[in-house]
Amino acid sequence: MTNRNINTMDFIVNKLAEGNTISQALKCTYEKRYVQIPFNEKSMSVYVTDLDLSNRTINALLRTKLRTLKDVIEYCNDKKITSIKNLGVNSGVELFEVILDWCWEHLDKTEKKDFLIQTVVINDSNLKTELAKQF
């Protein structure tokens with residue numbers, strides 16, 4: 001890891017220590033919303049109704065027969081999530097932020113560390129301008 005990567009990781013960890021969720025910390029760090037979500041077998045079987053999603057988002061997913069996170073991920077591999085009727089950009093963002101935060105909370109300490117390292121290395125060139133000025 002480079003010094004820049006270590007500084008970025010410190011920034012994210014500080015945001016988490018301030019009480020931010022992982023999705024909030026990553027939004028503060030990166031321009032783009034794309035980050036790799038840390039899925040494991042346990043998270044793949046979670047029902048979308050068990051997540052803290054709006055009724056609109058849950059209903060849209062269920063109408064499309066997307067009942068688990070695995071269903072959502074497989075759907076997104078083939079189509080855009082916003083192709084679901086009544087699921088716009090805001091609902092899509094809500095969905096992925098909730099999934100990201102839920103998965104993060106269900107990782108152990110080592111998995112969280114590995115996730116952060118991988119995210120920082122992959123997104124090295126995707127830092128927000130104001131954060132990049134600090135380095």
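The following questions and answers concern a predicted model.

Visitor: What conventions apply to the numbering and the values?
Guide: Residues are numbered from 1 along each chain as its sequence is written, and side-chain values use heavy atoms, leaving out hydrogens and water. In this predicted model, local features need pLDDT of at least 70, side-chain atom pairs count only at pLDDT 80 or more, and totals for chains, interfaces and linings use all residues.

Visitor: How many helices and strands are there in the protein?
Guide: Both are DSSP runs numbered from the N terminus, helices being H or I with at least four residues and strands E with at least two. Along the sequence the pattern reads α-α-α-α-α-α-α-α. The count is 8 helices and 0 strands.

Visitor: What percentage of the residues of the protein count as buried?
Guide: Buried means under 20% relative accessible area, exposed over 50%, and partly exposed in between, with a 1.4 Å probe and protein chains only. Of the 135 residues, the buried share is 39%.

Visitor: Is Thr29 buried or exposed?
Guide: Thr29 is found in helix α2, residues 22-29. A polar atom of its side chain lies 2.7 Å from the backbone oxygen of Ala25. Because its relative accessibility is 0%, Thr29 counts as buried.

Visitor: Why are α1 and α7 classed as oblique to each other?
Guide: Axes are lines fitted to C-alpha atoms, for helices over the stretch in contact, with angles from 0 to 180 degrees between N-to-C directions. Under 35 degrees counts as roughly parallel, over 145 as roughly antiparallel, 65 to 115 as roughly perpendicular, and the rest as oblique. Helix α1 (residues 3-17) and helix α7 (residues 109-122) pack with axes 10 Å apart, at an angle of about 125°. The pair is therefore oblique.

Visitor: Which residues in α7 are met by Asn5, Thr8, Met9, Ile12 and Val13 in α1?
Guide: Contact means heavy atoms within 4.5 Å. On the α7 side, the residues met by those five in α1 are Lys113, Leu116, Ile117, Val120 and Val121.

Visitor: Which residues does Val121 touch, not counting residues up to four places away in sequence?
Guide: Val121 lies in helix α7, and its 43% relative accessibility is why it counts as partly exposed. With residues up to four places away left out, Val121 touches Met1 and Asn5.

Technical notes. A polar contact is a pair of N or O atoms within 3.5 Å; within protein, one must be able to donate a hydrogen and the other to accept it, and residues adjacent in sequence count only if both atoms are side-chain atoms.
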